[in-house]
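Thank you all for making time this morning. Before I say anything, please bring the model up on your own screens so that you can follow along.

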Amino acid sequence: MDQQQNSFVLTIVCPDTVGIVAAVSGYLTEQNCFIEESHHFGDPDTCCFFMRTRFSPRETSFSRGRFESGFAAIADRFKMDWQVHDRNVLPRVLIVASKHDHCVNDLLYRYRTGALRMTVPAIVSNHMDLAALAEWHRIPYFHIPVTPETKPAAERRLLDIIEDTKADLVVLARYMQVLSDDLCNRLTGRIINIHHSFLPGFKGARPYHKAHEHGVKLIGATAHYVSPALDEGPIIEQMVERVDHTHTVKDLTAVGRDVESITLARAVKLHVDHRVFLDGTKTVVFR
């Protein structure tokens, strides 16, 4: 993969006030850093300010430690929650799925070709259907069967794998299990799910059969952060595709597979590029 030579992303969330952009850009100028890209947004509803800035140092003697130490005074002044991300350090993304392979296939293709700048330390599933796919990509595969009786133990095993692989992000690529409130809360902002509809319509099983019965004109998918409220977490990305009365259930399912794959991939890319900020029950997304 191409190296992002001396490139960093600074992310900031703080109370909205005057002077934040000037203070940040001024500090970057003092540190002889070139601003490659910058986005910011003040939310009038929450009075929170969000900022994402990609920058590159112009001096070979640049020290991230010194940069962060110097920036701390500005962060304290504006009460910032902030991070500096080195773009050469690729996020570790754990993929969790069941039997459906379209989203997993798409993510792995984009990972393999460098379209998604991440590493995949493992794939976890409650079935063995995707084991050959993981083996072809030389990715460790963990099979964790789930029954009502074994579900607590299965979730503890999943948490162990997340910790052991040092996963920064967990992606539910059509994982057909409902996670416990405890697990959802532990992974707040670090776990993404793809839902097979333009939420909140047609929840649960056989969504495309229900869509066909209701004569829908749009097939959609929603990628969102997982929360204890089923399929109601903060939305990252959504996509729709137009259909009509000539589409059979098989046709709708095929359209749905494409929409789900693209929507999930876009959401993962936005997250690993540090373009998504949680704002209560919603998100701020810089594209």
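What you are looking at is a predicted model, in which local features need pLDDT of at least 70 and side-chain atom pairs count only at pLDDT 80 or more, while totals for chains, interfaces and linings use all residues. Residues are numbered from 1 along each chain as its sequence is written, and side-chain values use heavy atoms, with hydrogens and water left out.

Let me begin with the aromatic rings. A pair of aromatic rings is described by the distance of the centres and the angle of the planes. Here, rings of Phe, Tyr and Trp (its six-membered ring) pair if their centres lie within 6.5 Å, and planes under 30 degrees apart count as stacked, over 60 as edge-to-face and the rest as tilted. A search of the whole structure on that basis finds 11 aromatic pairs. In one of them, the ring centres of Phe55 and Phe67 are 5.0 Å apart with the planes at 20°, so this pair is stacked. Phe55 sits in strand β3 (residues 48–57) and Phe67 in helix α2 (residues 64–78), 12 residues apart, and the pair thus links distant parts of the chain. Helices (H or I, at least four residues) and strands (E, at least two) are DSSP runs, numbered from the N terminus.

One aromatic cluster is formed by Phe8, Tyr27, Phe55, Phe62, Phe67, Phe71 and Trp82.

Now to the spaces. Rolling a probe the size of a water molecule over the atoms shows where empty space is left. On a 1 Å grid over the protein atoms alone, a cavity is a set of points where a 1.4 Å probe fits but cannot get out, whereas a pocket is an open set with protein on both sides within 12 Å along at least five of seven lines, and lining residues have an atom within 4 Å of a point. Grid points are joined across faces, edges and corners, and a volume is the space filled by probe spheres set on the points.

The largest pocket holds about 780 Å³ of space. Its lining has 27 residues, and Thr11, Gln83, His85, His271 and His274 lie nearest its centre. At least two lining residues each come from β1 (8–15), β4 (81–86), α8 (249–272) and β12 (276–279), with β4 giving the most, 6 residues. The lining of the largest pocket has 14 nonpolar, 6 polar and 7 charged residues, where Ala, Val, Leu, Ile, Met, Phe, Trp, Tyr, Cys and Pro count as nonpolar, Asp, Glu, Lys and Arg as charged, and the others, Gly among them, as polar.

The second largest pocket has a volume of about 410 Å³, and of the 23 residues that line it, Gln177, Val178, Asn193, Leu230 and Asp231 are the closest to its centre. Strand β9 (residues 191–195) supplies the largest share of that lining, 3 residues.

Finally, the cores. A nonpolar core is a set of buried Ala, Val, Leu, Ile, Met, Phe, Trp, Tyr and Cys residues joined through side-chain atoms within 4.5 Å. The largest one has 40 residues, and Val104, Leu107, Ile123, Leu264 and Val268 have the most contacts inside it. Its largest share, 9 residues, comes from α8. Leaving aside neighbours within four places in sequence, Leu264 is in contact (heavy atoms within 4.5 Å) with residues including Cys103, Leu107, Val171 and Ile194. Another core, of 21 residues, lies apart from it, and Val170, Tyr175, Cys184 and Leu187 are among its members.

Key
Buried < 20%, exposed > 50% of the residue type's maximum accessible area, 1.4 Å probe, protein only.
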